[in-house]
Amino acid sequence: MITLHHLENSRSQRVLWLLEELGLPYEVKRYERDKATMLAPPALKKVHPLGKSPVITEGGVTVAESGAIVEYLLDEHGAGRLRPAAGTPERRRYTYWLHFAEGSAMPPLLMKLVFDKVRSAPMPFFIKPVARGIADKVMSSFVSPNIEQQLAFMESELATRPWFAGAEFSAADIQMSFPLEAAAARAGLGAAHPKLMAFLSRIHARPAYQRALAAGGPFTLA
Ligand SMILES: N[C@@H](CCC(=O)N[C@@H](CS)C(=O)NCC(=O)O)C(=O)O
């Protein structure tokens, strides 16, 4: 039996969705974030030393890191589904976007989250202008331009095909869902990027996505 160690409102929603797309039997062990820090509870460190989610366990195997979990599940249980054949342009795009999601798209989105928190954090009044100045500078010189450039790039890619790897839906689309949902929630993804918005609508309409929501509980990215 596969066990998904699922942290609320997190990347592990993608693994839940993949499990539903593949129709695999699994159980969910739920973890709640600390209300003040939003960090995962210490119990997750008993599953994997970094204490992050997602993590899956199956028999004696523990797999962390969502891209690695996607590949593990497709290797072990995919039976050729949701991953284009090796050696094809689709497979090269699949691999690119599978890695792009965590390797390129998430870092500036995470930086935005952190610097937004710096701007609004309680602190002595004489520190606030300095902290805000630094946050604004990092945002305007690095974070926002990177987010905007990436969104424009992703939009242009989906102008030529419906899914990130090609004509068929693949696990790369599942992996890409989280940065796009995060960008829609907090980084300006909206009507200016109609292809990406249409992608989000299409994935949200998939029955397996809906079943994953029902299995995982409410999923909101602030
Ligand atoms: N690159 C990792 C990121 C894992 C990660 O940072 N997960 C977040 C949830 S979205 C987490 O566990 N945060 C809680 C914490 O850091 O304590 C992956 O894709 O699995």
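**Close-up views of a predicted model**

**View 1. L82 in the loop between α2 and α3.** L82 is located in the loop that connects α2 with α3 (89–120). This and the following views show a predicted model. The phi angle of L82 is near 65 degrees, a positive value in a residue other than glycine. Most residues other than glycine have a negative phi. Is L82 buried or exposed? With a relative accessibility of 16%, L82 counts as buried, because the limit for a buried residue is under 20%.

**View 2. The whole chain, for orientation.** The protein contains seven helices and four strands. Read from the N terminus, the order of its elements is β-α-β-β-β-α-α-α-α-α-α. The radius of gyration is 18 Å, close to the 17 Å that the globule rule gives for 222 residues, so the protein is as compact as a globular protein of that length. Its C-alpha atoms fill a box of roughly 60 × 45 × 30 Å along the principal axes. Of the 222 residues, 47% count as buried. Among contacts with a separation of 6 or more, 67% are made by residues 24 or more positions apart. The accessible surface comes to about 11,100 Å², and 61% of it belongs to carbon and sulfur atoms.

**View 3. The hairpin of β3 and β4.** Strand β3 (residues 55–58) and strand β4 (residues 61–64) run antiparallel and are joined by four bridges. The two strands form a hairpin with two residues between them. G59, in the turn, has a positive phi of about 60 degrees.

View 4. Strand β1 (residues 2–7) pairs with β3 in the antiparallel sense over four bridges. In this pairing, I2 has E58 of β3 as its bridge partner.

View 5. Where does P54 lie? P54 is placed in the loop between β2 (26–31) and β3. The peptide bond from S53 to P54 is cis, and its omega is near 10 degrees. Most peptide bonds are trans.

**View 6. V143 in helix α4.** V143 belongs to helix α4 (residues 128–158). Its relative accessible area is 0%, so V143 is buried. Which residues does V143 touch, not counting those up to four places away in sequence? They are P108, M111, K112 and V138. V143 and L110 are 33 residues apart in sequence, and their C-alpha atoms are 9.4 Å apart in space.

Terms used:
Residues are numbered from 1 along each chain as its sequence is written. This is a predicted model: local features need pLDDT of at least 70, side-chain atom pairs count only at pLDDT 80 or more; totals for chains, interfaces and linings use all residues. Side-chain values use heavy atoms; hydrogens and water are left out. The radius of gyration is taken over C-alpha atoms; the globule rule is 2.2 Å times the number of residues to the power 0.38. Buried means under 20% relative accessible area, exposed over 50%, partly exposed in between (1.4 Å probe, protein chains only). Contact means heavy atoms within 4.5 Å. Accessible areas come from the Shrake-Rupley method with a 1.4 Å probe; for residues, only the protein chains shown count as cover. Two strands pair if DSSP finds at least two bridges between them.
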